[in-house]
2 protein chains.
Amino acid sequence: MTDIPRIKGVLSPVVTPFKADLAPDPERFVRQCRWLLSQNVGLAVFGTNSEANSLSVEEKIDLLDRLAGAGLDSARMMPGTGCCALPDSVRLTAHAMKLGCGGVLMLPPFYYKGVSDDGLFRSFAEVIERVGDTRLRVYLYHIPPVAQVPITLGLVERLLAAYPAQIAGMKDSGGDWSNTKSFLDAFAKAGFDVFAGSESFLLQNMRHGGAGCISATANVHSGPIAHLYDTWRAADADAQQARLDVIRGVFQKFPMIPALKVAIAHYGADPGWTTVRPPLVAFTPGQAHALVAELDQQRFAMPGLAAR
Amino acid sequence: MTDIPRIKGVLSPVVTPFKADLAPDPERFVRQCRWLLSQNVGLAVFGTNSEANSLSVEEKIDLLDRLAGAGLDSARMMPGTGCCALPDSVRLTAHAMKLGCGGVLMLPPFYYKGVSDDGLFRSFAEVIERVGDTRLRVYLYHIPPVAQVPITLGLVERLLAAYPAQIAGMKDSGGDWSNTKSFLDAFAKAGFDVFAGSESFLLQNMRHGGAGCISATANVHSGPIAHLYDTWRAADADAQQARLDVIRGVFQKFPMIPALKVAIAHYGADPGWTTVRPPLVAFTPGQAHALVAELDQQRFAMPGLAAR
């Protein structure tokens, strides 16, 4: 069993396309993932922006199988596999390993609030032990505004001590740079890969020893974000960062997930993309028009998308 | 297809027993549910206090099948069937209807925060439409401290208008009597059954047209809570309520779910009951001893439990 190369760089929590009957649309999904790889963006499928927690375990397994079946490189996949229920997390993580995924992005169990680090340690430990695969690389997913259950420094320290080969890094979607920096300061030198939760922190993260970013807007502004990762030591890095911030700022004026889907529908000339699953709500034509107008004003483009 | 009698009274979010390997323990579960029915307490299995969101859909379906297979009255069952993912909610709800459950207690999808009433309406509507069973009785589950996604008056109004036969009531676990009362005032006369989320509000709820309560502590203080429901118009009702509050107060000094399990283990002479699934943590012997000492001091008992 050979080692899978370590994931670095820019990944996208790939938005999940749905058919009119709200079933996942595997053909559109595979096409989108292939386009993202062509932009040098890795596949953090089943993230928050993927509406992953609106998908059943079976639907996620099927979509992952479709990606592998289409020949996409599983070493560049970091599927979200952290569920509320231990057997679901084990099942999804084991399936990701069967397909040779480069890593898994693991939410803590997020229903029960105010749980202890003891309980969270045991949650992650049980998944790692039950999956029992030495190739497993777990990236802990810190997103307190949504999950409401944080990943603390103390928890990471305990997990790293117990599973130094499996605990590979984290994604920090807390939106607080000082928190990201405290994880970098504590663990980056030991090989713990910190991904910023958005490209807004990409340059800062790279300058402090981070591994890249996993960002909603990497679904749409894909090539330019990946380019900053590749050239973050270049003279124009700050200018690149400023341009990324402008485009992200446009998306942030809108509910993010339907906005990403509208952009893909519009710039990919594929109106079927706009469907979201409840409890989310798709944009009205007015909202969609307003988003596209602002993006056009910024000369935003998604090269090669319409031809995919 | 005959109508299932409407659920009223006291129900317990039945705590879920686990084996040492953390698998659900169907034998202990059936015995506990049978004992609860003997105390005149209905079965709101798969509630928050059941660690339901730490169970997979398959595990819930299996446990429900075990209850039905053991001959327990499904008309007295109100399983929790609201999941984050629409297909999971549909699958569980349809299974509950196949078994003839008297109702289902439905959480809103709880991962995405700040969602609109439009999105929540569509979530519940999709489940009702897809299950497509005229016998379905949905009880909406309002538990903002945990789910962080509330059930509003406006949402209930819209759902009742669209599905008057299916939207049967709610459980209010917000802990705020004024909120419960606003739902009673708005909808109780139209036949919408409001269950208080704990017996602390049982008497008040009955005096204002409520239907009963669904309470964690009905797992353990079962008979006395059910007795107050049966005799809430009696002269000693306030005294009964005061006694219920004392016992609930003891449990509330501790993390609720492991405390309930310790009480069942102790008063049922069945130590295997104390196991919880991560992210929860079982009591230390010291915590267990402290709980039992306080309960003994209050002459707390669980009649018939050890003999079950």
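Visitor: How do E6(B) and strand E7 of chain B pair?
Guide: In the parallel sense, over two bridges, with E7 covering residues 212-214; strands pair if DSSP finds at least two bridges between them. Strands (E, at least two residues) and helices (H or I, at least four) are DSSP runs numbered from the N terminus. This is a predicted model, where local features need pLDDT of at least 70, side-chain atom pairs count only at pLDDT 80 or more, and totals for chains, interfaces and linings use all residues. Residues are numbered from 1 along each chain as its sequence is written, with chains lettered from A and ligands numbered from 1 in the order written.
Visitor: And which residue is the partner of B:Ala196 in E7(B)?
Guide: B:Cys213.
Visitor: What about E5(B), how many bridges join it to E6(B)?
Guide: Four, and the two strands run parallel. One bridge partner there is B:Asp193 in E6(B), for B:Gly169.
Visitor: Are the E6(B) residues buried or exposed?
Guide: B:Asp193 and B:Phe195 point one way, B:Val194 and B:Ala196 the other, and all are buried (20 or more other C-beta atoms within 10 Å of their own, with C-beta atoms placed from the backbone).
Visitor: Switching to helices: at what angle do H11(B) and H12(B) pack?
Guide: About 70°, with their axes 10 Å apart; axes are lines fitted to C-alpha atoms over the stretch in contact, and angles run from 0 to 180 degrees between N-to-C directions. H11(B) and H12(B) are therefore roughly perpendicular (65 to 115 degrees).

Definitions and conventions: A residue is buried if 20 or more other C-beta atoms lie within 10 Å of its own, exposed if 12 or fewer, and partly exposed in between; C-beta atoms are placed from the backbone. Angles under 35 degrees count as roughly parallel, over 145 as roughly antiparallel, 65 to 115 as roughly perpendicular and the rest as oblique.
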